[in-house]
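Have a look at the model first, then read on.

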Amino acid sequence: MKVAVMGYGTVGSGVVEVIESHSEIIAKRTGGEPLEVKYILDLRDFPDDPHQNAFTKDFNDILNDPEVKIVAETMGGVNPAFDFTMKLLGAGKSVVTSNKELVAQKGLELLEQAEKSNANYLFEASVGGGIPIIRPMTQCLAANNIEGVAGILNGTTNFILTKMIEENMSFEAALKLAQDNGYAEKDPTADIEGHDACRKVCILASLAFGKHVYPNQVEAEGITNITLEDVAYIHSANGVIKLLGQIKYINENKIAAFVSPAVVYNGSQLASVRDVFNAILVRGDAVGDVCFYGRGAGKLPTASAVVADIVDCAKHIFRKKIFGWGAGDEDYVVDYKAELEMPFYVRAKMSQAEAKARLGVVKFLSRTGQPSDEVAFITDNLTENELNSKLSGANVLNIIKVTNY
Ligand code: HSE
């Protein structure tokens, strides 16, 4: 079966590599049909690459070729990936993608188009790289009401935080290392400011509760304000700092969803997730907590999920896989700062007496080299709005949510 790959960057070149290096096993799994990459679409030239016969700069070569029934979109970004994918689905071709930005922004329209055309639009690689999560959530956990999801969804930031926690490495040096290893987005702002994790939260929330959640409904805070001082205080409380995406079911018409650094205590399954690894913990009312763990970024892990989707499409070429959700609405994601209570880590220039006067009973933390005018503590449960009002006018250095996952 002939396939095309659009975008020959880290993931796209990994997809071509996996299709070629695993051709025998893939043919067994498609039911005997080998996969052959007929086109690779990219505007760049790759003069030393052995696939010269497959390269094209013209999208219409793929769109108008009836032999190509499955296309992997690994271009990233919304445009022109959206236009291309709509046209391919409209022509009855199935599309698989690792493009979380596109699925988070335009998933509803693309899934509707796939439905109309009786084609498949699959996106296992868009969340958690190589970790199986889309099918487990929609199929294996189908008997559960999902109560919440918490995930370490970005490999780059987990890698950076691990280097800060374990090697006392500076943020900049760790980011450079992540980029050199091909984990980071083209613009690493999307990683370190939490936008990449936010897109993945949108996809998970849409799948878990059946209504599209858009990135502008999910507040995202990144890791750029995390310091080695915060790492040390939280270590003294037997915890670590992770960038977490959190989703909580409130009722049929309301969920909470946000991305932020969070204190995770060492007993949690999420605390031991190090390096570029991702983990997604799903809390179901029948199953309890289940955790999906693996490589969330990188060439071959992500390609593994993209190629699995191609194999699935090849097996279901005349059948529709049911993955999807309906329209959401503006008020569907609540203002969690007003509605959710949780403990917070606070670091501030103030005395312990002032901290107690403002917040009542708190748990004070300590670190080597702690200045005499600095305190760090964990509060009791309260909303973020209440916390901010109690700290009004204080010299606060950092606030980090404490998770109950
Ligand atoms: N930049 C992303 C990460 C790639 O670091 O997780 C996978 O989405």
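You'll find Ile310 in helix H12 (helices are DSSP runs of H or I with at least four residues, strands are runs of E with at least two, and both are numbered from the N terminus). This is a predicted model, where local features need pLDDT of at least 70 and side-chain atom pairs count only at pLDDT 80 or more, while totals for chains, interfaces and linings use all residues. Residues are numbered from 1 along each chain as its sequence is written, and side-chain values use heavy atoms, with hydrogens and water left out.

**Ile310 and the cores**

- Not counting residues up to four places away in sequence, Ile310 touches Val3, Val15, Ile19, Leu35, Ile70, Ala72 and Val96 (contact means heavy atoms within 4.5 Å).
- The C-alpha atoms of Ile310 and Gly393 are separated by 56 Å, and the two residues are 83 apart along the chain.
- Which residues have the most contacts inside the largest nonpolar core? They are Val15, Tyr121 and Ile310, in a core of 109 residues (a nonpolar core is a set of buried Ala, Val, Leu, Ile, Met, Phe, Trp, Tyr and Cys residues joined through side-chain atoms within 4.5 Å).
- Helix H10 (residues 195-209) gives this core its largest share, ten residues.
- Another core lies apart from it, with 19 residues, including Tyr336, Met342, Val362 and Phe377.
- As general background, nonpolar side chains tend to be buried together in soluble globular proteins.
- If you leave aside its neighbours within four places in sequence, Val15 is in contact with Val5, Ala72, Thr74, Ala303, Val306, Val307 and Ile310.

**Helices that pack together**

- Two packed helices are described by the angle between their axes and the distance between the axes.
- Helix H1 (residues 10-21) packs with helix H12 (residues 299-315) at an angle of about 65°, and their axes are 8 Å apart (axes are lines fitted to C-alpha atoms, for helices over the stretch in contact, and angles run from 0 to 180 degrees between N-to-C directions).
- H1 and H12 make a right-handed crossing (a crossing is left-handed if the near helix is turned anticlockwise from the far one by less than a right angle, and right-handed if clockwise).
- On the H1 side, the contact is made by Thr10, Val11, Ser13, Gly14, Val15, Glu17, Val18 and Ile19, and on the H12 side by Lys299, Leu300, Thr302, Ala303, Val306, Val307 and Ile310.
- Sorted by class, the H1 contact with H12 has nine nonpolar, four polar and two charged residues (Ala, Val, Leu, Ile, Met, Phe, Trp, Tyr, Cys and Pro count as nonpolar, Asp, Glu, Lys and Arg as charged, and the others, Gly among them, as polar).
- The axes of helix H4 (residues 81-90) and helix H5 (residues 100-117) come within 9 Å and cross at roughly 15°.
- The H4 and H5 crossing is right-handed.
- H5 also packs with H10, at an angle of about 50° and with the axes 9 Å apart, so H5 and H10 are oblique to each other.
- The crossing of H5 and H10 is left-handed.
- Here Lys100, Glu101, Val103 and Ala104 in H5 meet Asp196, Arg199, Lys200, Cys202 and Ile203 in H10.
- By class, those residues of H5 and H10 divide into four nonpolar, no polar and five charged.

**Backbone spots to look at**

- Where is the cis peptide bond? It joins Asn79 and Pro80, with omega about 5°.
- Pro80 sits in the loop between strand S4 (68-73) and H4.
- Asn168 has a phi near 55°, a positive value in a residue other than glycine.
- Asn168 is in the loop between helix H7 (155-167) and helix H8 (171-180), and is exposed, with a relative accessible area of 57%.
- Asp275 has a positive phi too, near 60°.
- Asp275 lies in the loop between strand S10 (254-265) and strand S11 (277-284), and is partly exposed at 22% relative accessible area.

**A buried arginine**

- Arg347 belongs to strand S13 (residues 344-349) and counts as buried, at 7% relative accessibility.
- Among the residues in contact with Arg347, leaving aside neighbours within four places in sequence, are Glu229, Asp230, Tyr233 and Glu374.

Note on methods: Buried < 20%, exposed > 50% of the residue type's maximum accessible area, 1.4 Å probe, protein only. Parallel < 35°, antiparallel > 145°, perpendicular 65-115°, else oblique.
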